[in-house]
Amino acid sequence: MSDKETLSRFEPFEPTWRSDPLEAFETLRDQAPVYRTASGMYVVSRYETIQALLLNPADFSNRCVDHEALGIPRQVDAEAEPHLAEMLEATFRGIPVDRGELSKVRTVIGSDGAEHQRQRRFLNRAFSVRRVRELRARMDELAAECVAKVATAQAWDAMEDLAQVIPRRIIGEMLDVEPERHGDLTRWTNEMMAATTGAARNSLAARQRLLNVLAEFTTYFVPKIDGKRSNPGDDFISDLVRAEGDDGLSSLETLLAIRLLMIAGTDTTSALIGNTILGLIRRPEQIQLLIDDPSLIANAIDESLRYWAPFYFLLRETTRDLEIEGVQVPEGALVAVMLASANHDADAFDSANTFDVLRTGGRGHMAFGHGAHRCVGAPLAKEEADAALRAVLPYLPLFKQAAGPLELAETQLLQGFRHIDLVRK
């Protein structure tokens, strides 16, 4: 495909470019580092520009994220869209909320300034050094359970048999979800992400799909939240409930924070674990390097994050007319910040398209974002990946990737695969 064809077909939320993302990123960086898509979105792809952009929330607001990535409406006009208003109220049944709050509420990833700081300080409790350290023994236990099956298997799926299990169980236990309901966390996450950031996003079918799964999610978690108000424990929901009232969280904010933890804590970490295993399987000599020197495991995880950033891109909205790399961008424009492209920028990383666990130097990867909105769950994700990799590493030399193409995740945001099938050599 020519550069012209690549650019003419590039839309962040459409799947055409995902079959060869590195080629698409290179074309963007070289030919149109600030590219206006046919839909009117602006795509920024170079490392240095992205770094500066993420450090400038005054000009690049997060206010678009809730609407564009989570499906929370910017406003609810009960007269113009009575059906939507009624469905939203039904979806959040059990939560004392009116239509006005539905149109004003913002999550921590969809807010700026003081509002972002207010919510983030409550979320920080879930990912404190103490809590992550306390969870490590449980991560190791779960990893050992998964690997016990791998040790004797002739074939296994790195996603279903390991990468999805650990994050789902850890988040489920953080949310005090019964073990038999842990599978629902994965299903709800997949449905929500596909509805809001899949190829059919913004369609009536996608909107209905989202509302259906939100109704199920809310029906489960509202009684659990109520129970924690009367009988709090040492879990994430109890931490949020203790923060309700005064300058704390509203009931709707508590529910949305649970939704955010569920999404951010399962799919992205599963992708990180699965992608790391895939990167190593494709370069077997790198597996031996880690076996010989386990201190390189942390470096391998960072290299995986650089090479396969769990999120292809973030979204920002301009707050005024401005210029980016010589391109005039109007106020209110939607900007796709291509983290995955920044991580393959040759100006920031030598041999940027090579997966190398011995990589040193270069700039820090952008997989977790940058600046005030850098992912609050990064320490937890890396700890889970470390536990999984240490457990499975001795068995990886026995396996190779199964024949056949990999199937990408349905959501256009996530750089991950539904299955990674491995077979004995």
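Reader: Are Asp 239 and Arg 131 buried or exposed in this model?

Author: In this predicted model, both Asp 239 and Arg 131 are buried. Buried stands for under 20% relative accessible area.

Reader: What makes Asp 239 and Arg 131 a salt bridge?

Author: The closest N and O atoms of Asp 239 and Arg 131 are 2.7 Å apart. The cut-off is 4 Å, so the pair counts as a salt bridge. Asp 239 belongs to helix α13 (residues 236–242) and Arg 131 to helix α8 (residues 129–150), 108 residues apart, and the pair links distant parts of the chain.

Reader: Why is Arg 138 called buried?

Author: Arg 138 has 19% relative accessibility. Buried means under 20%, so Arg 138 counts as buried.

Reader: Which residue meets Arg 138 in a salt bridge?

Author: The partner is Glu 173, at 2.8 Å from N to O. Glu 173 has a relative accessible area of 32%, which lies between the 20% and 50% cut-offs, so Glu 173 is called partly exposed.

Reader: Why is the bridge between Arg 187 and Glu 216 said to tie parts together?

Author: Arg 187 lies in helix α11 (residues 182–197) and Glu 216 in helix α12 (residues 204–230), so the pair joins parts that are 29 residues apart in sequence. Their closest N and O atoms are 2.5 Å apart.

Reader: Why does Glu 216 count as partly exposed?

Author: Glu 216 has 31% relative accessibility. That value falls between 20% and 50%, and therefore Glu 216 counts as partly exposed.

Reader: How many salt bridges are there by this rule?

Author: The count comes to 31.

Key: Residues numbered from 1 in each chain as written. Predicted model: local features only at pLDDT ≥ 70, side-chain atom pairs only at ≥ 80, totals over all residues. Heavy atoms only, no water. Salt bridge = Lys/Arg side-chain N within 4 Å of Asp/Glu carboxyl O. Helix = DSSP H or I, 4+ residues; strand = E, 2+ residues; numbered from the N terminus. Buried < 20%, exposed > 50% of the residue type's maximum accessible area, 1.4 Å probe, protein only.
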